[in-house]
Every structure is written in C-alpha cells, then in structure tokens.
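The sequence and the model are shown first, and the main points follow by topic.

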Amino acid sequence: MIKPTHIVVLLVLILLIFGANKLPEIAGSIGKSMKVFKKEVKELREDEDAPAVQQPPAQIPQQPQQGTYYTQPTQPGQAAPQQPQPYTDGTVQQ
C-alpha cells in the first residue's frame, strides 16, 4: 500500500535527480504522450465499430466471343472452339 510519505519521498528523489528546471519539460512530455495515447485508443475503437469494407467480387473470366481465335487452351478443361468442317458433299456441319 502506498502511503503519502512514499509519494513525498518519490517526488523529492525525482526533484534531486532531474532538477527543478527539467520538471516542466518532463510534465509536458508526459502530457503529450498521454494525449497521443488517448487519440490512438479512440481511433482503434472507431475502427472496430466501423463496418468492414466489402471486397469487390472476383472477376469472372470472360467467355470467348464469336470470332475469337485461340491457338492453345489457357485453362485445364478448356478447349478452343471447333470450326465447322464442310462434309464431302459440300454441306457445312452445324
């Protein structure tokens, strides 16, 4: 348990170590640090309360359009479109 005499002794030691001229600087530095700390805590709480930003949907690969020419399939299971081949009698395969 901290007694008032302990606090007085601690203050006297701080006064002897740092001197009377440095005490306002130390107090100002502690005050600025506390201000920054409170600001960061407030921002963290606001970030937790804010809803999560939705991710844009993944892009779906586009289907080949008519007239597109492929030399090789780009994905497994994908095949280049077959060109209609004419039959020997001159008709075209649909």
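**Overview**

The secondary structure of the chain comes to two helices and zero strands, where helices (H or I, at least four residues) and strands (E, at least two) are DSSP runs numbered from the N terminus. The model is predicted: local features need pLDDT of at least 70, side-chain atom pairs count only at pLDDT 80 or more, and totals for chains, interfaces and linings use all residues. Residues are numbered from 1 along each chain as its sequence is written, and side-chain values use heavy atoms, with hydrogens and water left out.

**Helices**

- Helix H1 covers residues 4–18, and its 15 residues reach 21 Å from first C-alpha to last, close to the 21 Å expected (1.5 Å times one less than the number of residues).
- Just after H1, Gly19 adopts a positive phi of about 85°.
- Helix H2 (residues 23–49) has 27 residues that should span 39 Å at 1.5 Å a residue, and its end C-alpha atoms agree with this, being 39 Å apart.

**Exposure**

- Of the chain's 94 residues, 0% count as buried (under 20% relative accessible area, with exposed over 50% and partly exposed in between; 1.4 Å probe, protein chains only).
- Helix H2 lies largely in the open, because the number of its 27 residues that are buried is zero.
- Asp47, found in helix H2, is exposed, with a relative accessible area of 58%.
- The chain exposes about 9,800 Å², of which carbon and sulfur atoms supply 60%.

Conventions: Areas by Shrake-Rupley, 256 points an atom, 1.4 Å probe, with all protein chains shown as cover.
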